[in-house]
Amino acid sequence: ELVVGELSTLRQASLPVGAALGGAIVPAAIFLYFQLGGPGERGWAIPMATDIAFALGILALFGSRAPIGLKVLLSAVAIADDMLAVSVIALFYTDQINLPALAVALLFMALIVVANKLRFRSILIFVALAVGAWAGVLASGIHATVAGVLVALLVPVTAHRRPREFVDFAGAQLKKLHRSGATETSIITDKAQLRTIDSIYLAAEDTRPPGVTLEHALHPVQSFVIVPLFALFAAGVPLADAFGGGGTTVALAVSLGLILGKPIGIMFASWLIVASGLGQLPDSVTWPQVLGVSALAGVGFTMSIFIGELAYTDVNIINEAKLGVLIGSLVSGIAGYLILNRVLPKSA
């Protein structure tokens with residue numbers, strides 16, 4: 001998004017980034033209102049997070065009724081929101097830093113940059129270097145989630161060869177193959193034809209950014225294995241134990257942060273940015289629709305649960321936080337759906 005997408009210019013990025021900031025500050029403030037000085041204080045970042053997959057999944061239920069600009073806005077806000085959440089993890093949920101291990105991580109990240117400059121084509125090289133960077137960050141004491149963000153910023157999402165250039169080059173090579181009368185036998189025995197085929201293959205690899213290749217390869221694993229397993233093992237809440245450690249105010253603080261803090265923060269920050277002229281609403285997007293997606297941003301679920309497990313060691317307080325996340329996410333999802341169902345056009 002920073003390179004070629006919705007955050008690539010200051011004017012485009014100002015609204016979603018500003019909205020994400022508002023949607024992080026107000027929920028944290030609501031949480032601290034209830035927990036400042038209490039046993040649950042360390043979990044102030046829990047209601048800051050938005051679960052991108054669930055929020056976009058609910059918006060997707062409206063199909064073509066939801067304008068493209070609204071989907072783009074929610075995506076950009078959620079992306080900026082997650083970057084904020086990971087930054088908070090790095091800054092506030094890291095106790096000690098092992099500098100030699102961090103240096104090793106930085107070395108592997110530098111090698112990723114070098115591999116890109118040298119135009120290495122093998123994705124396995126990037127994967128191996130990314131694993132090295134992850135291991136270094138993990139050993140450094142900084143939460144390993146940060147490694148994912150840093151590596152993602154380094155793996156290129158722009159192609160070495162421009163698409164138009166590839167189309168022209170591949171077209172010329174295909175014509176050459178056609179003129180040479182390529183057959184199943186000749187492409188094995190004719191070295192010139194083999195070189196032509198190889199040149200098309202290598203040109204195609206140069207036109208496919210490594211970051212895009214990795215994203216497409218990892219997406220099924222992340223969506224169908226990692227996230228479901230995390231939800232299965234992390235989201236369970238023994239209700240009998242969910243009201244012990246820090247009082248029910250932890251669950252209340254988290255749920256109100258998600259239900260009220262997210263829409264209030266996002267709406268207020270968005271209004272400030274548009275009113276100041278720093279940004280503008282996307283085409284065909286109205287303020288009532290922004291309110292709907294602001295409510296959807298309160299679906300924290302996986303990321304909020306994750307931060308809760310980092311923030312606390314007391315099992316009872318962790319369970320209270322999870323309960324607040326589940327209640328807040330459920331209410332936010334329903335509220336967002338009902339608002340959007342009312343304000344979106346009945347048909348595309």
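In this predicted model, Lys262 forms a salt bridge with Asp81, and the closest N and O atoms of the pair are 2.4 Å apart. Because Lys262 lies in helix α11 and Asp81 in helix α3, the pair ties together parts of the chain that are 181 residues apart in sequence. Lys262 is buried, and Asp81 is buried as well.

| Pair | Closest N and O atoms |
|---|---|
| Lys262 and Asp81 | 2.4 Å |
| Arg164 and Asp168 | 3.1 Å |
| Lys322 and Glu309 | 3.3 Å |

Lys322 lies in helix α14 and Glu309 in helix α13, so this pair ties together parts that are 13 residues apart in sequence. Lys322 is buried, with a relative accessible area of 8%, whereas Glu309 is partly exposed, with a relative accessible area of 33%. The salt bridge between Arg164 and Asp168 sits within helix α7, where the two residues are separated by about one helical turn because they are 4 residues apart. Arg164 is exposed, at a relative accessible area of 54%, and Asp168 is partly exposed, at 46%.

As for the overall fold, the chain has 14 helices and 0 strands, and its C-alpha atoms fill a box of roughly 80 × 55 × 40 Å along the principal axes. Of the 348 residues in the chain, 42% are buried. The chain exposes about 17900 Å², of which carbon and sulfur atoms supply 69%.

Which residues have the most contacts inside the largest nonpolar core? They are Ile46, Met303, Ile307 and Tyr312, in a core of 41 residues. Helices α1, α3, α4, α5, α6, α11, α13 and α14 each supply at least two residues of this core, and α13 gives the most, with 6 residues. Ile46 touches Val254, Ser304, Ile307, Gly308, Tyr312, Ala321 and Val325, when residues up to four places away in sequence are not counted. A second, separate core of 24 residues includes Ile273, Val290, Leu296 and Leu344.

Met303 is placed in helix α13 and counts as buried because its relative accessibility is 13%, which is under the 20% cut-off. Leaving aside neighbours within four places in sequence, Met303 is in contact with Ala49, Thr50, Asp51, Asp82, Ala85, Val86 and Ile89. Met303 and Ile52 are 9.1 Å apart in space, C-alpha to C-alpha, although 251 residues apart in sequence.

Helix α6, residues 145–154, has Val146, Ala147 and Val151 as its buried residues. They cover an arc of only 125 degrees around the axis, which means that they lie on the same side of α6. On the other side of α6, Ala152 and Leu153 are exposed. The buried residues of α6 pack against α3, α4 and α5.

Leu153 also belongs to a nonpolar patch on the surface, which is formed together with Leu2, Val3, Val4, Met83, Leu150 and Val157 and has about 590 Å² of accessible area in total. Val157, which is placed in the loop between α6 and α7, counts as partly exposed because its relative accessibility is 36%.

Technical notes. Residues are numbered from 1 along each chain as its sequence is written. This is a predicted model: local features need pLDDT of at least 70, side-chain atom pairs count only at pLDDT 80 or more; totals for chains, interfaces and linings use all residues. Side-chain values use heavy atoms; hydrogens and water are left out. Buried means under 20% relative accessible area, exposed over 50%, partly exposed in between (1.4 Å probe, protein chains only). The arc is that of the directions from the helix axis to the C-beta atoms. Contact means heavy atoms within 4.5 Å. A nonpolar core is a set of buried Ala, Val, Leu, Ile, Met, Phe, Trp, Tyr and Cys residues joined through side-chain atoms within 4.5 Å. Patches are made of residues with over 30% relative accessible area and no salt bridge: like charges are joined within 9 Å, nonpolar side chains (Val, Leu, Ile, Met, Phe, Trp, Tyr) within 5 Å. Accessible areas come from the Shrake-Rupley method with a 1.4 Å probe; for residues, only the protein chains shown count as cover. A salt bridge is a side-chain nitrogen of Lys or Arg within 4 Å of a carboxyl oxygen of Asp or Glu.
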